[in-house]
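The sequence and the structure are shown first.

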Amino acid sequence: MSIIIECPQPGTQAPGCRLTGTGLPTSPQRQPPSFPTMSVPFRQDMPPAGGFEAVKYKRNLPFRGPSSLVILGAATGICAWGFYRVGKGNLEKRELAREKVWSRIHLVPLLMAEGDRDAFRREQAAVGRERAIMKDVKGWEAGKGVYHSSRYRSPEIVI
């Protein structure tokens with residue numbers, strides 16, 4: 001297929017140009033396209049002198065706090081310190097419990113002596129009241145038990 005462009009003025013594409021050649025339709029009404037003339041000369045868009053500034057493709061992330069290893073180390077340290085304090089507290093609690101037990105052991109004789117003195121005082125007061133009540137009965141011995149035994153029996157009731 002060969003195309004020939006015939007123009008009245010060579011080097012221009014004016015409306016008077018026509019196309020000839022093989023393989024083209026031969027209809028008489030077909031006209032070649034017309035190109036508008038430009039009032040401003042063509043100018044290629046070019047980069048500025050010295051070129052464009054560099055494209056910033058590097059990530060610019062601000063410092064967002066400590067790293068994960070620092071956080072893990074701090075959490076481990078805090079937990080270790082807490083377990084240390086719990087251990088010290090357990091030792092202190094054990095020592096206080098031991099001290100409480102030994103204080104009770106050492107106080108038992110004192111408390112028993114105090115209870116014996118109180119029981120003796122009450123017994124003597126009861127014997128005195130019995131002597132005052134039964135002073136008119138002949139043969140009555142105040143404070144003598146009704147059981148004929150030398151074995152000590154604490155009073156059944158407290159007056």
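## Terms and basis

A residue is called buried under 20% relative accessible area, exposed over 50%, and partly exposed in between, with a 1.4 Å probe and protein chains only. By that scale, Arg-122 is partly exposed because its relative accessible area is 35%.

The model is predicted: local features need pLDDT of at least 70, side-chain atom pairs count only at pLDDT 80 or more, and totals for chains, interfaces and linings use all residues. Residues are numbered from 1 along each chain as its sequence is written, and side-chain values use heavy atoms, with hydrogens and water left out.

## Overall make-up

The chain contains 1 helix and 2 strands, in the order β-β-α along the sequence. These elements are DSSP runs numbered from the N terminus, with helices (H or I) of at least four residues and strands (E) of at least two.

Of the 159 residues, 1% count as buried. The accessible surface of the chain comes to about 15900 Å², and 62% of this belongs to carbon and sulfur atoms; such areas come from the Shrake-Rupley method with a 1.4 Å probe, and for residues only the protein chains shown count as cover. Among contacts (heavy atoms within 4.5 Å) between residues at least 6 apart in sequence, 11% join residues at least 24 apart.

## Helix H1

Helix H1 covers residues 68-133.

H1 bends by about 35° at Leu-107, and Pro-109 follows within four residues. The bend is the angle between axes fitted to the seven residues ending at a residue and the seven starting there.

Arg-129 also lies in H1; its relative accessibility is 38%, and it therefore counts as partly exposed. The C-alpha atoms of Arg-129 and Gly-143 are separated by 10.0 Å, with the two residues 14 apart along the chain.

## Salt bridges

Side chains of opposite charge can pair when their charged atoms come close. A salt bridge here is a side-chain nitrogen of Lys or Arg within 4 Å of a carboxyl oxygen of Asp or Glu, and the structure holds 4 of them. One of these joins Glu-95 to Arg-98, with the closest N and O atoms 2.6 Å apart. Both residues lie in H1, 3 residues apart, about one turn of the helix. Glu-95 is partly exposed at 36% relative accessibility, and Arg-98 is partly exposed at 44%.

Asp-118 pairs with Arg-121, the closest N and O atoms being 2.7 Å apart. Because Arg-121 and Asp-118 are 3 residues apart in helix H1, about one helical turn separates them. Asp-118 is partly exposed, with a relative accessible area of 30%. A salt bridge also links Asp-118 to Arg-122, with a closest N to O distance of 3.3 Å; these two residues of H1 are 4 apart, about one turn of the helix. Through shared partners, Asp-118, Arg-121 and Arg-122 form one network.

## Nonpolar surface patch

Which residues form a nonpolar patch on the surface? They are Val-101, Trp-102 and Ile-105, with about 290 Å² of accessible area together. Patches are made of residues with over 30% relative accessible area and no salt bridge; like charges are joined within 9 Å, and nonpolar side chains (Val, Leu, Ile, Met, Phe, Trp, Tyr) within 5 Å. Val-101 lies in helix H1 and is partly exposed, with 47% relative accessibility.
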